[in-house]
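Subject: Structure for you to look at

Hello,

Here is the structure I promised to pass on. Please open it and keep it beside you while you read my notes.

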Amino acid sequence: MRIKSVTPLWISLPLVEPIKMARTTVETAENLLVRVEDVDGFVGWGEASSAPTMTGETPESMVAAVNFMRPALEGLEIEDVSAFGQAIDGLMYGNAAAKSALDMAVYDLAGKRARKPVAELLGGIVRRDVPVLRMLAAADRVADVAAARRMAAEGFVAFKVKIGGAAPEADLERAAAVRAALGTGPHVSADANQGYTREQALRFAAGAAAAGLDFIEQPVAWKDLEGMAMVAAATAVPIGTDEGVHSLEDIERHHRMRAARGGSLKTIKLGGLSAVMTAGRRMDALGMSVNLAGKVADSSVASAAIVHLAAALPQLDWDVSVTCQYLARDITREPLRIERGHARLPDGPGLGVEVDESKLSASSVRRAASALIWAGTEPHRPRACALLPAASGPASPSPRAPPARASGRFPRAGKAFARRPKDAMRGRAAP
Ligand SMILES: [Mg+2]
């Protein structure tokens with residue numbers, strides 16, 4: 001397929017309620033949306049949430065990065081979609097989130113052309129329903145327990161308590177209260193988002209088993225692997241890394257140093273869908289648990305990509321975070337469905353969701369920039385994703401069933417760009 005045009009858009013999507021993490025509170029998702037059209041008129045969409053403390057990228061920088069790479073992309077023939085992510089990595093250093101949106105859009109485009117779901121292009125579908133992790137991020141014990149009970153009644157079986165913004169003892173009390181409210185069945189983890197010092201993390205770890213936690217995510221700073229290893233050695237509860245994983249090398253290092261027994265994979269950190277598949281396969285081979293996650297918060301575009309990855313990855317011990325459930329508005333004609341706390345692989349080719357371009361009108365441009373900024377002008381809807389309670393729909397497969405193993409062969413990486421404009425990168429200055 002030959003790319004005709006690449007268009008970056010900056011979209012601004014309000015959340016249903018604020019998500020409170022150790023160092024920040026998210027009230028609005030500021031995301032990059034990328035539209036890629038080929039010469040035959042097929043259109044693919046990709047998305048990346050801005051997460052400056054995780055990837056160093058802002059909405060402005062992601063738009064600038066796509067605009068910088070755009071001359072090298074428009075007019076290109078792509079033969080092997082699985083190698084596209086590696087190929088664009090050579091266009092500029094870093095900017096993994098911006099590159100992940102491009103990679104996602106090209107996968108969507110390739111799937112639509114081939115009339116195949118993206119999960120098939122990623123190596124094959126090994127599951128169609130995945131338990132969706134629900135964040136508990138009110139930073140208030142009563143509110144988090146009430147939310148846990150409400151979401152468990154809707155069918156959710158995996159929960160993550162946001163910690164690190166208070167004293168470890170208060171966080172432990174809140175986590176234990178959530179576990180007590182949910183009983184022993186659901187997964188309950190705690191994510192500090194680097195919010196603790198080593199000493200605080202060790203205090204939390206001392207009570208983590210008694211609080212009934214299944215794992216603790218990123219208790220200390222992303223680069224403090226010695227601290228991670230200290231915390232890991234101090235508790236039987238597995239330690240996971242999130243902010244610390246941006247590459248295969250990071251995974252190997254955490255494993256080697258016994259700094260983590262699992263980790264959270266995100267497209268914005270790894271740089272795209274192929275990279276997440278490679279990382280997930282490597283973690284499975286190392287015996288590390290995998291949490292697959294969108295960033296707070298993706299629209300149904302990136303959330304659909306997460307579900308396609310979840311359908312193809314060999315193992316998802318630590319569940320899947322699909323974040324369109326936290327948005328008040330979405331940008332697709334039909335939002336991704338989350339039914340009984342599970343996401344179902346969308347039908348249809350590509351990502352299986354369609355962006356409603358009428359919502360991306362020029363009238364919603366708020367700031368002069370090279371990107372279109374959409375703030376959402378249509379009437380408020382209660383939730384973006386279609387959250388369906390337990391009373392509706394057929395029963396989903398048990399989330400505790402042994403994970404299916406990948407049987408499909410991963411497409412061999414090869415030459416992604418058959419032709420590249422000779423002057424694609426000539427004379428380009430860094431933005
Ligand atoms: Mg995390």
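Helices here are DSSP runs of H or I with at least four residues, strands are runs of E with at least two, and both are numbered from the N terminus. This is a predicted model, so local features need pLDDT of at least 70 and side-chain atom pairs count only at pLDDT 80 or more, while totals for chains, interfaces and linings use all residues. Residues are numbered from 1 along each chain as its sequence is written.

Which residues of α9 are buried? In this helix (residues 225-233), they are L225, M228, V231 and A232. They cover an arc of only 120° around the axis, so they sit on the same side of α9. The arc is taken from the directions from the helix axis to the C-beta atoms. The face turned away from that side carries the exposed residues E226 and A233. Buried means 20 or more other C-beta atoms within 10 Å of the residue's own, exposed means 12 or fewer, and partly exposed is in between; C-beta atoms are placed from the backbone.

Next, α8 and its neighbour α7 (residues 168-182). Their axes come within 9 Å and cross at roughly 30°. Axes are lines fitted to C-alpha atoms, for helices over the stretch in contact, and angles run from 0 to 180 degrees between N-to-C directions. The two helices are therefore roughly parallel, a label for angles under 35 degrees. P168, E169, D171 and L172 in α7 meet Q200, R203, F204 and G207 in α8. Contact means C-beta atoms, placed from the backbone, within 7 Å.

Now turn to α12 (residues 273-286). It has 14 residues and reaches 20 Å from its first C-alpha to its last, close to the 20 Å expected. The expected span is 1.5 Å times one less than the number of residues. Its buried residues include L273, V276 and M283. G287 follows the helix, with a positive phi near 80°.

R282 is also in α12. Is R282 buried or partly exposed? It is partly exposed, because 15 other C-beta atoms lie within 10 Å. R282 touches L248 and I251, leaving out residues up to four places away in sequence.

Last, the whole chain. It has 13 helices and 18 strands. Buried residues make up 54% of its 431 residues.

Best wishes

Note on methods
Parallel < 35°, antiparallel > 145°, perpendicular 65-115°, else oblique. Contact = placed C-beta atoms within 7 Å.
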